[in-house]
Amino acid sequence: MSNDTQTQTQQWIDRYEAVMWNTFGRRRIALAKGLGSRVWDLEGNEYLDFLTGIAVNNLGHCHPRIVEAIRKQAETLIHCTNLYYIPAQIEWAELLVNHAFPSRVFFSNSGAEANEGMIKLARKYANAHFKPERRTIVCCRNSFHGRTLATLSATGQEKVQKGFEPLMPGFKFVDFNDCDGMRNAIDDQVCAILVEPVQGEGGVYPATQSFMDTLADLREKHGLLLLFDEVQTGLGRTGKNFSYEHFGVIPDALTLAKPLAGGLAAGAILAKPEVAEVMQPGSHGSTIAGNPLAAAAGKAYCEILFGDKLADRAAKVGAEVAKELRTWIDEIPAVTEIRALGLMIGIQLDRPGGAIVERCEKRGLLVNCTNNTVIRLLPPLNVSKEDFRQALDILREEIKKES
Ligand SMILES: Cc1ncc(COP(=O)(O)O)c(C=O)c1O
């Protein structure tokens, strides 16, 4: 980085600090433009983007069909209220339902908001079908479901909850992938179980098949609702359109967000019709969610994802990369485990990964470190082999320097 670069970036940092909440652990980078797997900062430094805005830019940056869909819609009708029918929103929902399971869709503006709505749905369902004491939702430790009060209360991480007490009641926690723990947690107060099929922010931990089978058994036995948070895993990321497909366990409701509208703000809840029917006019809503602009972009994203079979590609590329990464365990002492499903990849280190992330950035590779010791790779689903090669070479050298 040149001194000029420092100066320009520093100016924005100073202005930021003067007017904005200090809520993000921001990197000292200001991005100016992107194309495909690459982004450029304000001073023209080029980066390979293997973070994709945390699993949002799944088609890379400025995919021409997303750009065109947004441009055309912006010239026609940007927003109208959900008091009127919005054809593009209906087509977007049809694409999701046709590729998931028979369900009804509610659109929101974010992942947290989608989870908030799914929690409301579970409570409303319990209200309609269960006795009054049966309102508890079982969640997992080390999970992440969002930053609203309900979703942080459902999140099994103290650092997310700390300082925001009193938390919302109605949640209890078991260890992820602990089948006995989950069985023991189910009593006559439990109405639902909420899990991420792959814990993302917690460090890329896929569910085991036996854990998912246990959840399905418990649903069968107790008639409770199975709720999957697919905000990070959904829509191609794990090598399936929806990550529940890996396990053959269809949830009663699931949430989506991140890549759902090609980079515009959006989330969604898909729920089986017999569950969704408890929500009636007045039960839930949003002013902007699913508006024509988001819907046009979302429809374009889904058409490309499903039409080009990008999940299959992610599965193939992800498997090859994971195989190579597993050789690092013997080669690089700092690497202790590789956890991966499709293109959601975690490199477990025996130490904090912050310094590696910083050195990768200096060499033109954007990745992040989650849960302090896990380097997480979330490249675009259409990333080229050459770009992957370049990224892995940088990463390998920088992790090696640690060892
Ligand atoms: C699994 C999961 N759920 C929910 C959220 C919250 O989504 P948002 O930041 O869009 O509110 C995230 C964000 O990282 C997530 O990974």
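Q: Where in the chain's secondary structure is Ile 54 placed?
A: First, a heads-up: this is a predicted model, in which local features need pLDDT of at least 70, side-chain atom pairs count only at pLDDT 80 or more, and totals for chains, interfaces and linings use all residues. Residues are numbered from 1 along each chain as its sequence is written. Helices (DSSP runs of H or I, at least four residues) and strands (runs of E, at least two) are numbered from the N terminus. With those labels, Ile 54 belongs to helix α2 (residues 52-55).

Q: Does Ile 54 count as buried, exposed or partly exposed?
A: Ile 54 is worth a look, with a positive phi near 60° in a residue other than glycine. The burial scale counts other C-beta atoms, placed from the backbone, within 10 Å: 20 or more is buried, 12 or fewer is exposed, and anything in between is partly exposed. Ile 54 has 14 such neighbours, so the residue counts as partly exposed.

Q: And Val 204, buried or exposed?
A: Here too phi is positive, near 60°, in a residue that isn't glycine. Val 204 lies in the loop between β8 (198-199) and β9 (205-206). Because it has 26 C-beta neighbours inside 10 Å, Val 204 counts as buried.

Q: What is the order of the four strands in the open sheet?
A: Strands pair if DSSP finds at least two bridges between them. β1 and β2 pair antiparallel over four bridges, β2 (residues 38-41) and β3 (residues 46-49) run antiparallel with three bridges, while β3 and β15 (residues 365-366) are parallel over two. β1 (31-35) and β15 are the edge strands of this sheet, each pairing on one side only. The pairing is mixed, and the order is β1-β2-β3-β15.

Q: Which residue in β15 is the bridge partner of Asp 49?
A: Elsewhere in the sheet, Lys 33 has Trp 40 in β2 as its bridge partner, and Val 39 bridges to Tyr 47 in β3. For Asp 49, the partner in β15 is Leu 366.

Q: Which residue in the turn between β13 and β14 has a positive phi?
A: β13 (residues 335-341) and β14 (residues 344-349) run antiparallel, joined by six bridges, and Arg 339 bridges to Gly 346 in β14. The two strands form a hairpin with two residues between them. The residue with a positive phi, of about 60°, is Gly 342.

Q: Which element gives the most to the side of domain 1 that touches domain 2?
A: The domain assignment, from an automatic or database source, gives domain 1 (3-62 + 310-402) and domain 2 (77-307). In contact terms (C-beta atoms, placed from the backbone, within 7 Å), 22 residues of domain 1 meet 26 of domain 2. On the domain 1 side, α12 (310-331), β13, β14 and β17 (374-377) each give two or more residues. The biggest giver, with five, is α12.

Q: Which helix contributes the largest share of the shell around the ligand?
A: Near means that a residue's C-beta atom, placed from the backbone, lies within 6 Å. Of the 15 residues around the ligand, Ser 110, Gly 111, Ala 112, Val 231 and Gln 232 come nearest. By class, the shell has five nonpolar, seven polar and three charged residues (nonpolar being Ala, Val, Leu, Ile, Met, Phe, Trp, Tyr, Cys and Pro, charged being Asp, Glu, Lys and Arg, and polar the others, Gly among them). The largest share, three residues, comes from helix α5 (residues 111-129).

Terms used
Contact = placed C-beta atoms within 7 Å.
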